[in-house]
Amino acid sequence: MIREATLNDREVLAKMIGDSFRDVAQRFSLTRDNCPKHPSNCTPSWIESDISRGVRYFILHVDRNPAGCVGIELPGADLCYLERLSVLPEMRGRRLGVRLVRHALECAASKGAGRAGIGIIAEQAELKEWYEKLGFSETQTKSFAHLPFKVCLMELEIGESAISP
């Protein structure tokens, strides 16, 4: 089951996002000091801030337990951003991430979005490949002064999604 999150879910979301990104932080040596905005450091106040600026979060439950989440932001009439797609490590490999992306894209399309964008760590080749299998294409790789890694920006025309049920 996937349901829309509320402010009351901020603690659950923050913990799930932090737990889901912890392995990535360890792999790339990301800490609160060198990358304070990495999702592994997510706090309930981040979720509050996201929701206040219009990000909608969705939580996927397996056997009534939260197993993953995704946020969508609609900054313009045609574009949405997928935010903090997270699946708990023990729940990976069950296509839960695909279900969350599909749900997010359906919600975004219902609001008029025709394109979806996402940013990932450029060196995370297996994640890039996963998104490519869903139909995303790399648009550019950028460096940001506040991040200790390059970011691969990817985009998808929602109507051309390769996500199958």
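Predicted model: local features only at pLDDT ≥ 70, side-chain atom pairs only at ≥ 80, totals over all residues.

An α-helix has 3.6 residues a turn, so residues three or four places apart point the same way. Now show the side chains. Those of Lys133 and Glu129 meet in a salt bridge, 3.6 Å from N to O. Lys133 is exposed, with a relative accessible area of 59%. Glu129 counts as partly exposed, at 44% relative accessibility.

How many salt bridges does the structure hold? The count is 14. Side chains of opposite charge can pair when their charged atoms come close.

For another of these pairs, select Asp78 and Arg115. Their side chains meet in a salt bridge at 3.0 Å, N to O. This pair links distant parts of the chain, 37 residues apart. Asp78 lies in the loop between β3 (65-73) and β4 (79-87), while Arg115 belongs to strand β5, residues 115-121. Check the surface at both ends. Asp78 has 36% relative accessibility and counts as partly exposed. Arg115 has 24% and also counts as partly exposed.

**Next: a network**

Select Asp50, Arg53, Glu73 and Arg84 together. Salt bridges link these four residues in a network. Zoom in on Arg53 and Asp50. Their side chains meet in a salt bridge at 2.6 Å, N to O. Which of these residues is buried, and which is partly exposed? Asp50 counts as buried, at 4% relative accessibility, because the cut-off for buried is under 20%. Arg53, at 44%, counts as partly exposed.

**Last: helix α3**

Select residues 96-110, which form helix α3.

Now colour the buried residues of α3. They are Leu96, Gly97, Val98, Leu100, Val101, Ala104, Leu105, Cys107 and Ala108. Then move past the end of the helix. Gly112 follows α3, and its phi is positive, near 100°.

Methods:
Residues numbered from 1 in each chain as written. Heavy atoms only, no water. Helix = DSSP H or I, 4+ residues; strand = E, 2+ residues; numbered from the N terminus. Expected span 1.5 Å × (residues − 1). Buried < 20%, exposed > 50% of the residue type's maximum accessible area, 1.4 Å probe, protein only.
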